[in-house]
Amino acid sequence: MFKQLAERDDKPKAPVTEVFRNEPRALIAGILVRICPDVLYSLFTVFVLTYMTTKLHMSRGEGLAAVMIGSAFQLFLMPAAGALSDRVNRRTLYLIGTIAAAVWPFVFFPLLSTKSFVAVAVGMVVALAIHALLYGPQAAFITEQFSPRLRYTGSSLAYTLAGVVGGAVAPLIFTALLASFGTWVALAVYVVFTAVLTAAGVALARGQQNAEPTEVLAETAP
């Protein structure tokens, strides 16, 4: 498809401008669907270590070990989730992951409060499995929001802008919330807020069955 566009010399003259002007819905959807996964990852791989050591007085080594165990599972779960999303409705799968992301902090932090390494490790595995369910399909989900001629620029913009308002500031927000309220509930509510934003992005997004313009499919058909 991209080779055909290149042969036709169908290149946007000002791609960033065209994305903002012609495909704002795709851009907004692309930004929103990335926010919750980024915040979730920041919580369970970065801020949780601070919470464990300062609030629960557990060792940092236990936290790092739990994160490593969860990450080991992600090595297989991320590509599996991506492959699954090619075979089922990607929007539905992404929405299921988003709902799970909103619910799991309310289970995870009580598990954490037991100060049992096994409980913490199990909670971390589930948390990062939920993240994998979102992150595995994310690349395809975001890129298919944009028309082929604006896909590189559109997906790059969505990915970068979401990173700024999502994962980049999440540790600072978590720190401020914990300092202000002194309880993990505030952190969980913030995750719920980001999940609502991502669910709105899923509602705005188009599915893979509508990802390519009909005329492009017709031109590329054998």
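R149 is partly exposed, with a relative accessible area of 29%, where partly exposed covers the range between buried (under 20% relative accessible area) and exposed (over 50%), with a 1.4 Å probe and protein chains only. The model is a predicted one, in which local features need pLDDT of at least 70 and side-chain atom pairs count only at pLDDT 80 or more, while totals for chains, interfaces and linings use all residues. Residues are numbered from 1 along each chain as its sequence is written, and side-chain values use heavy atoms, with hydrogens and water left out.

The partner of R149 is E18, and the two form a salt bridge whose closest N and O atoms are 2.7 Å apart; the term stands for a side-chain nitrogen of Lys or Arg within 4 Å of a carboxyl oxygen of Asp or Glu. E18 belongs to helix α2 (residues 15–22) and R149 to the loop between α6 (117–143) and α7 (151–165), so this pair ties together parts that are 131 residues apart in sequence. Helices here are DSSP runs of H or I with at least four residues, numbered from the N terminus.

In total, the structure holds four salt bridges. Another of them joins D38 to R34, with 3.2 Å between the closest N and O atoms. These two residues sit four residues apart in helix α3 (residues 24–54), a separation of about one helical turn. Both D38 and R34 are buried. R34 also lies over the face of Y159, at 3.5 Å from the ring centre; for such a placement, NZ of Lys or CZ of Arg must be within 6 Å of the ring centre and within 35 degrees of the ring normal.

A salt bridge is also found between the side chains of R90 and D86, at 2.9 Å from N to O. R90 counts as buried at 4% relative accessibility, whereas D86 is exposed, with a relative accessible area of 52%. Through salt bridges that share partners, D86, R90 and E144 are joined into one network.

Turning to the aromatic residues, a search of the whole structure finds eight aromatic pairs. Rings of Phe, Tyr and Trp (its six-membered ring) pair if their centres lie within 6.5 Å, and planes over 60 degrees apart count as edge-to-face, under 30 as stacked and the rest as tilted. The rings of F44 and F108 have centres 4.8 Å apart and planes at 85 degrees, so they make an edge-to-face pair. Because F44 lies in helix α3 and F108 in helix α5 (residues 90–113), the pair ties together parts that are 64 residues apart in sequence. F44 is buried at 1% relative accessibility, and F108 is buried at 0%. F108 and F109 are likewise edge-to-face, since their ring centres are 5.5 Å apart and their planes stand at 80 degrees. Ring pairs link F44, Y51, F106, F108, F109 and W184 into a cluster.

Helix α3 also contains I35, a buried residue with a relative accessible area of 6%. I35 and V164 are 129 residues apart in sequence, yet 9.2 Å apart in space, C-alpha to C-alpha. Leaving aside neighbours within four places in sequence, I35 is in contact with V165, G166, T194, L197 and T198, contact being heavy atoms within 4.5 Å.
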